[in-house]
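Q: Could you take a close look at one part of this protein for me and walk me through how it is put together? I'd like the numbers and cut-offs as you go.

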Amino acid sequence: MGKRGQRAFERTLVCVIQALMGLELLVELRNDLSIRGILDDCDNAMNVIIKDATVEDVEGVQKQLPLVFLRGSNIRFVHIPDNVDIMKLVEERRLMLDQAATAYTGKGAPAPKPQASVTTA
């Protein structure tokens, strides 16, 4: 964790996009393509993977693709669905990551009980 107990990506809007994983959303690209699908993954550089994607160009021509990788620097907008409580999703993701970090590092986990040594004669 960096400054003030936050991970680096928590100081950017990437944490908002990562909280949307598993939801259907619309992504507009800098080359004027629009992609609608289910957000499968998002890394700290905002590179995203969208599955069950519908790609639409400026002329309205649509194409179905099972999986699309988008480079973060090509993304212009990410449209968040209206029915999503984004603050709740971001907080749930932060708690999940904190729990995973605690489980991985062992901090906060109970110490194992010492084994009684049994000697046989």
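Here is a walk around one arginine and the strands beside it.

Q: Which residues is R93 in contact with, leaving aside its neighbours within four places in sequence?

A: First, some ground rules. This is a predicted model, so local features need a pLDDT of at least 70, side-chain atom pairs count only at pLDDT 80 or more, and totals for chains, interfaces and linings use all residues. Residues are numbered from 1 along each chain as its sequence is written, and side-chain values use heavy atoms, with hydrogens and water left out.

On confidence (pLDDT is the predictor's own score for each residue, from 0 to 100), the protein averages 83, and 77% of the residues score at least 70. Residues 114-119 are another story: the pLDDT there is below 50, and the stretch has zero contacts in the model beyond near neighbours in sequence. Where pLDDT is low, the predicted coordinates should not be read in detail.

For the overall layout, the protein has two helices and five strands, in the order α-β-β-β-β-β-α along the sequence. These elements are DSSP runs numbered from the N terminus: helices are H or I with at least four residues, strands are E with at least two. Of the 121 residues, 25% are buried, where buried means under 20% relative accessible area, exposed means over 50% and partly exposed is in between (1.4 Å probe, protein chains only).

Now to R93, which lies in helix α2 (residues 86-105). Leaving aside neighbours within four places in sequence, R93 is in contact with Q18, A19 and M21; contact means heavy atoms within 4.5 Å. R93 is buried yet has no salt bridge, and D41, the nearest side chain of opposite charge, is 6.5 Å away. A salt bridge here needs a side-chain nitrogen of Lys or Arg within 4 Å of a carboxyl oxygen of Asp or Glu. As for charge, Lys and Arg count as positive, Asp and Glu as negative, while His and the chain ends are not counted.

M21 is the next stop, in the loop between α1 (14-19) and β1 (24-29). M21 counts as partly exposed because its relative accessibility is 28%. Not counting residues up to four places away in sequence, M21 touches L39, D40, D41, C42 and R93.

β1 and β2 (residues 34-42) pair in the antiparallel sense over five bridges, with L25 opposite G37 in β2; two strands pair if DSSP finds at least two bridges between them. The two form a hairpin with four residues between them, and D32 in the turn has a positive phi of about 70°. β2 is also joined to β3 (residues 48-56) by seven bridges, again antiparallel, and L39 stands opposite I50 in β3.

The hairpin of β2 and β3 has five residues between the strands. M46, in the loop between β2 and β3, has a positive phi of about 65° although it is not a glycine. D52, found in strand β3, is not a glycine either and has a positive phi of about 50°. Most residues other than glycine have a negative phi.
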